[in-house]
Amino acid sequence: MTPTSYRITTLFFILVSFCTYMSGCNPTNETYRYPKTDKVSHTDSLHGVQIKDPFHWLEDDRAPKVEGWVKEQNKVTFAHLEAIPFRDAVKERFMQIYNYPKYSAPFKKGNYTFFYKNNGLQNQSILYIQKEGGSPEVLIDPNAISSEGTSRLTNVSVSKDAKYVAYSISAGGSDWQRIFIKEIDSKKNLSDSIDWVKVSGISWAGQGFFYSRYPEPKESGKQYSAKNENHLVYYHKLNTNQNQDELVFEDREHPLRFHLASVTDDEEYLILSISDRSKGFDGTAFKVKNLKAKDDGFKAIVNQFDYDFNVVDHIEGSLIVQTNKGADNGKLIKIDLNNSEEANWETIVAEKPEPLVFAQSVGGKIILGYMKDVTHRVYVHDLKGNFENEITLPSLGTVGGFGGERSDKKVFYTFTSFTYPPAIYEYDIESKNATLFRKAEIDFNPEDFETKQVFYTSKDGTKVPMFLVYKKGIQLDGNNPTLLYGYGGFNINLNPNFDPLRIGWLEQGGVYAMANLRGGGEYGEKWHQAGMKLNKQNVFDDFIAAAEWLIKEKYTKKEKLGIQGRSNGGLLVGAAMVQRPDLFAVALPGVGVMDMLRYEKFTIGWNWAAEYGSVKDSIHFRNLYKYSPYHNLKKQSYPATLVVTADHDDRVVPAHSFKFMARLQEQQLGKAPTLIRIGVNSGHGASSTEKLIEERADEYSFLMYHTGMTPSYVEIKKRKD
């Protein structure tokens, strides 16, 4: 697009926006001039089927031609966003409501207490340390690392003696990390620096720690390998160079497996957790190594990948393990390391009707979290598995935390819900009492809002839960702008959570609906399996049925209904808008997996074969081809669409969104805009607070504009002034 045509397009958007704002004319009644997207004659042959891929060239997101395409697309997108008359006011209100102190649950090590804090609008949360009886001091401030504030603190691990902290930094939203070490007392960094780290923990033992990484890239001039193969486990000793690190484990025969190392609380055993998701396995195997015995190798406890095994603790020669083997909802077992055959495993906490979602060993107790109809319940057991008491929660919602050591007398946890800002509680293990430690102070009144859980019927008769959040006094007349959110995959649960930016939607009369689709883990492994691989269409059917229910019950109508999801949820939105374009006014697919026939070829995409199935299998290929959003676009009218992606997303590469948008713009017959917003120096998630607010303000502004909402942010600002 030339500078002249860009000015004309911008002026046109401003005029149309003014018309919409002043007279209420249809905001979708516009004509868009998208950048020209070239086509190529690339064809893939899969199981005898010829798959044309005319926008294949967009996969090379570092090519100058693709970078030029990105710039031209962003010009059109931001011209439209800038023409929305209340966009600046939305952003201002979002900054206002997001600007409150945010704390993490603290954890203790030695004589120190550690916690994260963000003053409000800081790009990154800061790690603080506090001595007993002292004042909080800054230990690690990632905001000082990058001038743009996009260097994130991704992993922190304190040594057993609390003398050192190892921490990893991600730059610009990348999944690649670099590990550094700081002496806690002096707050000085050691010279140690560890690179090529991805999918890793940091687990201390003695004067060093175990971590996972990939080999140093062989490609000339590349900082990180694009292959993501041969995941290695190393041990790093303090005050040494990385090239001196000890290789602890590798498996060259299976280059696509993940290997994660963790050390038991008593530092007696190294636990090696292994996954082989590229082969379609969804579970984990694990081995153990006795760190006290000289030259002791790894002993395989579980060699199969059909079930999950999570080691909770080591108690007197036995491992306490959370598993779903023989228990779809999960249970706790004890494995005697001297007699570790499966026939000798002992169940110490049996499976319940509700899914077991977490197990923590702290203070000589085991704290178990269960989920009943998508809200948490928490119970305390002794180390033998005997039930002791329930921890009473403030209301129905979501908990997190409970991390600590066996010697701890108290443990912290957080509680939150849709209109309940995160609150931190301190639980006294001996007295069994929980007290409020700190609560968030935020500019809104929770009593103005109502939360409701409903159960609707999906296409095949399955009952699916959905949360609804809205201002009290809502009128069920079908005229409420509504945002429907979903995910439905990877055994991930969508629990009630507090999002201050969502308040900016709710306070204007918007309805927020969150559907707990199959594919998640809300009702255990069976619920997960009902929405994965060959059952993936169930997820889309559940989402579509949620939209139909909202319309039938007169919460909204299709002209005022938007849908949103990110990552696997971006795939969900892409598939839903392709299958039922008549049902939605707005679609907001974020960082989505849109090309289901080539997802395995990008970075770590092969890891998702356990969830989606692989095109290498002819049956799975046909299933993937049937619903792949990119391949199923055709000439028809689609909703107003704002695709969101980022240039540094090395998890779901932006090529997915690029190709989808190119084809969508080509196939769109309606007048609704089909735009792509490509973030700069950001990744799979927003890499800073500033980028998060900007991105979300644009999404909500787009949603409001194309569902006919005129927010009163200007009046709110004047009233506060």
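Which strands each supply at least two residues of the lining of the second largest pocket?

## Basis of the model

This is a predicted model, in which local features need pLDDT of at least 70 and side-chain atom pairs count only at pLDDT 80 or more, while totals for chains, interfaces and linings use all residues. Residues are numbered from 1 along each chain as its sequence is written, and side-chain values use heavy atoms, with hydrogens and water left out.

## The second largest pocket

The strands in question are β30 (420-428) and β32 (449-457), strands being DSSP runs of E with at least two residues, numbered from the N terminus. Of the two, β32 gives the largest share of the lining, five residues. A pocket is an open set of points on a 1 Å grid over the protein atoms alone, where a 1.4 Å probe fits, with protein on both sides within 12 Å along at least five of seven lines, and its lining residues have an atom within 4 Å of a point.

The second largest pocket holds about 380 Å³ of space, a volume being the space filled by probe spheres set on the points, which are joined across faces, edges and corners. Its lining has 19 residues, of which S395, L396, S417, T419 and T451 are the closest to the centre. By class, eight are nonpolar, seven polar and four charged.

## An open antiparallel sheet

Four strands, in the order β20-β21-β22-β23, form an open sheet with antiparallel pairing, where two strands pair if DSSP finds at least two bridges between them. The edge strands, β20 (309-315) and β23 (346-349), each pair on one side only.

Strand β20 is joined by six bridges to β21 (residues 318-323), and I315 has S318 in β21 as its bridge partner.

Technical notes:
Nonpolar A, V, L, I, M, F, W, Y, C, P; charged D, E, K, R; others polar.
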